[in-house]
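User: Could you walk me through the charged pairs here? I'm new to this one, so please go slowly.
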Amino acid sequence: MTGSGSVRAERPAAGTEAQAAALLGWLTDPDAPRLCLVTGGPRTGKSALLAWFAAYGARSGGRSGGRFGARSGGRSGPRRKRAARTAVPLADQSALGAAWTIADRLGVVARTPGELIHVLATTDTRRATLLLPDLHAAAEPDALAELCAELAGLGRIRLVVETRTGTPSHALLTTCRATVVDLGGETEDGRGGGGRKAVRDFGEPEEPEGSGETGETVGGFWEPGVARETGRTGGAGETGTAGGAGQAEGASGDFRASGDAAEAPEHQAAGEPAQPRDPGAPGPRARTGAARSRPGAEASGVERSDPDGRSQPPAEARSSDRFDDLGRSQPLAHEAGSGRSDPDRRSRPHAGTPALDPADPVSVCRADPRRVTTAYVADAEDDHGGLRAAWLRAGQSLSRDQDPATRALVLRAVLGDGADPRLRPALEELAAGEPWRVRWSRVRGDLTPPWPGPVTALAAIGDRLLVAGPNGTVRPLDPVDATPAGEPLTSPAGRVEALAPTPDGSVLLLDERGRLHTVRGPAPRPPYLERLTAAVTTTLTRHPGTALAAISGSVVVGDRLGSVHAFGLTGIHQAALHSGRVTAVTAVETPAPFLCSGGLDGTVRRWVPGQDPHPEPIAERRTPVVALAASPTSQGPALAIAWADGLVELRLLEAEDRLSFRPGPPVRAVTLSEDGGVVVGMDEALIRLDRAPHEAK
């Protein structure tokens with residue numbers, strides 16, 4: 001550290017200045033491959049270089065952005081926002097566990113590596129640069145290498161992957177188009193510097209001999225154009241080196257990197273929410289095989305870091321240990337050697353931690369989630385009384401850093417009815433301090449009562465819970481125990497996107513094309529409601545809706561342009577509340593009725609039809625709103641919010657009270673029962689949560 005104690009002022013380790021400059025040049029080059037491999041043998045400084053790169057450039061001061069030797073007054077104008085650099089340590093990770101962690105870091109939900117690729121290919125995610133250290137020490141290095149290649153092939157995010165020369169996973173990644181920062185072989189003193197410090201691109205056309213030097217010296221400083229240097233296709237042949245006079249200058253005390261001086265243009269500002277693409281608009285598709293990059297580079301930024309960029313790790317130390325703050329997880333011991341998967345490793349703890357028992361719920365909830373996932377992936381024969389199935393069902397939530405009690409609550413919520421009967425009381429005891437209680441849960445495969453199927457929409461009407469599925473069937477359930485409460489409703493709508501019960505017992509349905517349908521209740525409909533719904537149905541035939549709610553005398557519809565329309569007996573009120581599509585609306589039947597709406601812009605807004613909208617949102621996050629439900633309570637109106645990153649919130653609007661829960665899989669719908677329960681619908685589970693007695697007071 002310098003005298004000021006700032007990580008931003010640290011230089012890279014001695015002997016790696018050219019490689020550090022190359023990393024920064026790659027980061028700011030819009031035409032560079034999306035994949036950068038930091039490679040070399042053991043004890044060559046890969047860990048220190050990656051740790052330095054993670055910490056470098058945090059903007060906590062002047063305009064230099066942390067550039068070594070830069071003057072603070074040399075640039076005018078507003079500063080660009082930088083994409084986050086976030087670390088996902090790969091040591092002891094399976095491909096499934098890494099996919100969960102990456103999805104969580106990027107603000108999306110994915111149950112498998114394949115689903116992660118699909119979600120990122122069809123969603124406008126926040127800008128990010130992923131740092132993936134210790135690929136050679138992963139439990140499934142080859143599978144993770146394939147996942148890295150697929151992620152890079154999307155052209156949407158940048159990846160820096162630490163690999164070890166000579167491993168199969170390294171060989172696999174060198175078939176992709178990638179910039180390679182090679183620190184060479186081990187030196188006698190265990191520091192980086194052995195071999196040639198090569199920076200090359202794989203997958204580019206071969207250039208004539210003598211054309212390898214792409215960097216240049218300007219005013220005695222090495223410019224990081226070295227990251228654009230190209231080598232021979234195939235990866236293992238001759239390479240150009242980041243050498244010559246430029247490297248000599250770069251290794252001097254006047255080292256300078258590009259920092260924010262050459263930031264590449266971006267179409268999406270940092271901090272914008274992840275947004276699903278318009279189904280009719282062209283977009284990237286997931287590719288298999290060798291990855292190909294697309295233009296659109298990310299600028300740099302730092303989330304959290306505390307690495308020591310100068311010290312070199314011992315022979316088998318992992319850079320994961322340096323990324324505990326960035327990666328938000330604890331380091332695990334791994335086998336020295338090739339980094340291939342070792343089946344016996346799954347229950348082997350690192351020093352000072354107890355052994356993992358995959359059949360013990362307390363052990364599972366207290367263990368490092370990477371170890372648990374790897375153990376369950378490696379042992380597909382034993383379901384461990386149902387714990388394994390529950391963990392794999394809710395893995396993304398369980399992989400987050402959290403208390404054992406929170407993990408116990410999530411596991412209890414997704415436990416199947418065929419699980420060992422001793423698991424439920426054990427998990428409930430461990431989760432006793434949590435603000436939620438699981439009243440019931442129904443997961444795929446449950447028989448007593450049966451799982452109602454995948455959920456696309458939910459609603460509560462009196463003493464019934466309405467559950468809509470992708471085939472258009474609407475099933476009424478008892479909200480007390482989820483048992484069937486009557487015959488399924490027949491819908492002409494096909495896939496139901498939204499449900500809106502009306503006061504006369506009828507149910508309005510919004511189909512996937514944005515059109516309105518009515519399922520009549522047992523009682524005759526008042527003529528005014530017939531006229532109202534007929535008018536709304538006609539309107540939505542010409543102008544499809546995207547969200548639906550109903551309240552006494554009004555039908556509320558959201559549209560794809562961000563406006564909310566309240567159709568009433570005396571006319572229509574409209575307000576432009578969101579930037580982009582409205583994804584959910586709900587109406588609160590109180591003495592002073594009001595509406596709440598949510599959108600792709602990540603805001604939830606309150607509006608009383610006929611009045612100006614509230615200027616400030618009720619809630620705002622960097623992810624779209626999926627579903628809303630509101631209900632009056634003794635403590636004032638309650639609002640349930642489901643977000644696209646898997647978070648479910650319950651807010652008491654007048655008390656400013658908030659509780660949250662992450663079930664793990666993508667949340668499709670949410671509703672509030674008449675007695676205050678929160679019902680969460682997903683593709684493979686339906687869960688009811690009640691506030692714990694100590695929270696309900």
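User: Which residue forms a salt bridge with Asp690?
Analyst: Arg688 forms that salt bridge, with the closest N and O atoms 2.9 Å apart; a salt bridge here is a side-chain nitrogen of Lys or Arg within 4 Å of a carboxyl oxygen of Asp or Glu. Please keep in mind that this is a predicted model, in which local features need pLDDT of at least 70, side-chain atom pairs count only at pLDDT 80 or more, and totals for chains, interfaces and linings use all residues. Residues are numbered from 1 along each chain as its sequence is written, and side-chain values use heavy atoms, with hydrogens and water left out.

User: Are those two buried or exposed?
Analyst: Both Arg688 and Asp690 are buried, where buried means under 20% relative accessible area, exposed means over 50%, and partly exposed lies in between (1.4 Å probe, protein chains only). For Arg688 the relative accessible area is 1%.

User: What does Asp675 pair with?
Analyst: Asp675 forms a salt bridge with Arg688, and their closest N and O atoms are 3.0 Å apart. This pair links distant parts of the chain, 13 residues apart, with Asp675 in the loop between strand S30 (667-672) and strand S31 (678-682) and Arg688 in strand S32 (residues 685-691); strands (E, at least two residues) are DSSP runs, numbered from the N terminus.

User: Switching topic, what about Glu497 and Arg495?
Analyst: They form a salt bridge with the closest N and O atoms 2.8 Å apart. Glu497 counts as partly exposed at 35% relative accessibility, and Arg495 counts as partly exposed at 30%.

User: And how many salt bridges are there by this rule?
Analyst: The count comes to 20 salt bridges.

Notes: Helix = DSSP H or I, 4+ residues; strand = E, 2+ residues; numbered from the N terminus.
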